[in-house]
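Open the model in your viewer and keep the selection panel at hand. The stops below go one at a time.

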Amino acid sequence: MFAVLIDQFWSLTIAGVALGFIYVLISLGYTMVYGVLRMINFANSEIFMWGTFGTVITSRDIFHYTQTSEPATGGKLALVLVSSLLMSMLVAGLTAIFVEFVAYRRLRMKGTNRLATLISAIGISIALQEVMRLLTDSRPVGSPRVLEKIILTEVWGANIRLDTVITIIAAAAIFFILERFIKLSRMGKAIRAVSMNEDAAKLMGVNLNRVITTTFLVGGLATGAAGFFYITVFEYTKFNIGFTMGMAAFTAAVLGGIGNIRGAFYGGLSLGLLEVYASAVLGTQWKAVTVFIILVLVLLFKPNGLFGEAVQTTRA
Amino acid sequence: MKIRNYWNLRDWGASVWESANRPKRVAIALTSIILVALLPFAGASFLATPIAAYDAVLVYPVGIFVLMALGLNIVVGKSGMLDLGYVAFFAIGAYTMAIMGTTTGLNTWEIMPFGIAFAMIAGVILGLPTLRLRGDYLAIVTLGFGEIVRLVVLNSSWSKGPNGIANIPMPPDIGPLKFKLDDQKVFFWVVVIMILLTIWMIRRLSVRRPGRAWEAIRQDEDAAELMGIATLKYKIWSFTLGAAVGGAAGVLYGSKNLFIAPEMFTLNVSILILACVVFGGIGNIWGVIVGATILGYLPDRIRFISDARLLVFGIVLVVVMNFRPDGLLPRKKREKAIVKKGANA
């Protein structure tokens with residue numbers, strides 16, 4: 001049972017870290033919105049799904065790569081990858097702003113109950129998913145292979161592939177930039193102020209609407225970047241991939257302590273590793289069950305998540 | 001926000017009901033029950049559904065949705081706990097029916113208590129550790145529970161995995177009333193009876209100690225605890241009763257459908273039922289019934305825009321929540337039962 005795990009420990013670990021970084025970026029979309037609004041950004045999974053299509057559109061329709069064309073090299077490769085990444089972030093960021101505008105803003109201004117907002121967010125995520133289903137004819141969309149997955153080196157019997165390396169380094173860089181933005185910029189300070197105390201922040205002259213829109217935007221940008229990395233690693237997308245990834249990322253956010261950006265980092269990484277190990281030991285079909293059981297246990301013994309603040313009792 | 005006076009069906013209904021004396025109330029109730037029972041005969045009118053058989057739509061989704069929404073309303077509406085895994089109890093009921101029905105030879109009515117019992121046991125098992133959590137944490141744990149039940153069923157051999165279980169027996173005939181696949185009137189009447197029983201149970205409980213405890217917990221859990229309410233106990237009760245209704249709906253669904261498979265019990269069902277509750281008016285039985293009827297019926301009625309119907313459904317959710325955030329028929333600001341009958345029990 002554990003033979004596979006011991007045999008392939010290092011290659012599993014690398015795959016887990018890469019998956020973990022994708023989770024880290026998606027869970028930023030949940031955790032930032034939760035930090036500011038104290039609400040689940042239910043549509044984030046669909047924002048992610050739209051983000052993956054940003055990458056596919058760039059490489060397939062703008063640069064005209066097909067399934068059979070030669071992988072790009074050198075400067076061309078960098079150009080395609082960077083513009084795909086930016087396109088994914090742009091698409092997801094705009095979708096996130098749209099979601100905030102349509103599903104959250106009016107209800108927030110009215111100060112209505114949280115469930116109404118949740119249902120409205122559920123409605124917008126159904127609509128986003130359905131639009132994409134109609135556009136793609138319910139079919140999975142393969143992404144052309146722009147990046148050749150060459151094996152760079154071998155460490156302890158594990159192959160280090162180029163796409164995993166790019167994913168890990170670039171995702172870590174994006175996370176670091178966003179984290180600095182929240183920590184150091186004026187806007188980031190405003191976001192943190194609102195998440196600490198909304199009324200006090202308003203009294204200090206913080207423009208609440210702008211802060212909330214920016215929060216959605218930043219969360220959307222991170223989620224979109226995750227969409228790009230997802231395509232780079234898995235090379236395939238479909239209108240309904242959002243759900244599984246979104247669920248896992250949300251679990252990661254809770255695991256790390258939702259509302260806490262550092263928490264998203266640790267939560268995402270540990271969930272990615274956990275999922276990969278669990279599927280090696282128990283088989284892929286049980287990995288979601290393992291993840292949920294661990295989540296329940298964490299919530300029972302450490303209800304604020306592993307790195308969270310005390311948010312679980314603030315809103316019943 | 002100002003309270004809008006137009007469209008206030010709730011107050012109009014309440015004033016008619018309250019000004020009526022006992023015989024008049026019985027008359028109103030009987031007329032409405034008969035009208036509802038006659039619904040399957042209205043298939044030729046504008047109510048007809050374009051593709052699915054009309055009487056089948058009345059049973060599932062409409063009837064079963066109403067039943068499940070009433071059950072979920074005990075948890076979400078009455079005691080204010082967000083449950084995103086309600087489908088688990090539905091699945092437990094349906095699988096109890098499927099497995100016991102195909103192996104033991106018991107009929108639907110004999111299996112019903114087992115289905116309800118298993119769902120309630122699952123409710124206690126899930127409730128005991130998790131109901132200490134609040135708000136969104138409870139939501140995510142229940143959501144996880146719903147997924148765990150589905151995945152266990154999907155990956156186990158006793159449930160025949162993804163193939164599902166076929167040849168589930170239909171309920172036995174009740175005298176001249178026969179259960180048939182092509183004519184589901186009798187199923188519909190059974191659902192209506194189950195809905196009436198559920199309404200009766202909820203109304204009885206709401207004006208007594210549990211109902212008041214739930215209301216207190218919903219408004220402020222800490223205050224309720226300080227007032228000496230055993231909050232955990234009442235929360236588990238609420239959870240378990242909701243589970244029981246979901247289990248009963250599952251047993252009936254399994255027996256009606258003759259075939260069940262794990263893909264029928266996805267998170268989407270939980271979300272749809274929650275949407276029914278919130279859309280209609282959370283906490284108000286009549287609102288919940290209206291919401292579940294509309295959301296169950298609408299996708300089938302607008303089948304002519306076939307492919308885009310879920311898209312329209314999503315947009316309807318957003319628009320209605322934006323303009324009527326408390327639902328179509330919201331509950332009253334203060335449960336009058338508490339004021340009037342506070343003295344008894």
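Contact here means heavy atoms within 4.5 Å. This is a predicted model, in which local features need pLDDT of at least 70 and side-chain atom pairs count only at pLDDT 80 or more, while totals for chains, interfaces and linings use all residues. Residues are numbered from 1 along each chain as its sequence is written, chains are lettered from A in the order in which they are written, and side-chain values use heavy atoms, with hydrogens and water left out.

**Stop one: a charged pair in chain A**

Select Glu179(A), in helix 6 (residues 162-184) of chain A; helices are DSSP runs of H or I, at least four residues, numbered from the N terminus. Apart from neighbours within four places in sequence, Glu179(A) is in contact with Ile261(A) and Arg262(A). A salt bridge is a side-chain nitrogen of Lys or Arg within 4 Å of a carboxyl oxygen of Asp or Glu. Arg262(A) lies in helix 11 (residues 261-282) of chain A and Glu179(A) in helix 6, so the pair ties together parts that are 83 residues apart in sequence.

Buried means under 20% relative accessible area, exposed over 50%, and partly exposed in between (1.4 Å probe, protein chains only).

Select Glu100(A) and Arg105(A), a salt bridge with its closest N and O atoms 3.4 Å apart. Glu100(A) is buried at 0%, and Arg105(A) is buried at 17%. Then move to Glu147(B) and Arg150(B), whose side chains meet in a salt bridge at 3.1 Å, N to O. Both lie in helix 6 (residues 135-155) of chain B, three residues apart, about one turn of the helix.

**Stop three: where the chains meet**

Show both chains: 46 residues of chain A are in contact with 41 residues of chain B. In chain A, Leu115(A), Ile119(A) and Phe292(A) lose the most area to chain B, together 14% of what that side buries. The buried area between the chains is about 3800 Å², with 77% from carbon and sulfur atoms; buried area is the accessible area (1.4 Å probe) that two parts lose on being put together, summed over both. How many salt bridges cross this interface? The rule finds zero between chain A and chain B.

Conventions
Helix = DSSP H or I, 4+ residues; strand = E, 2+ residues; numbered from the N terminus.
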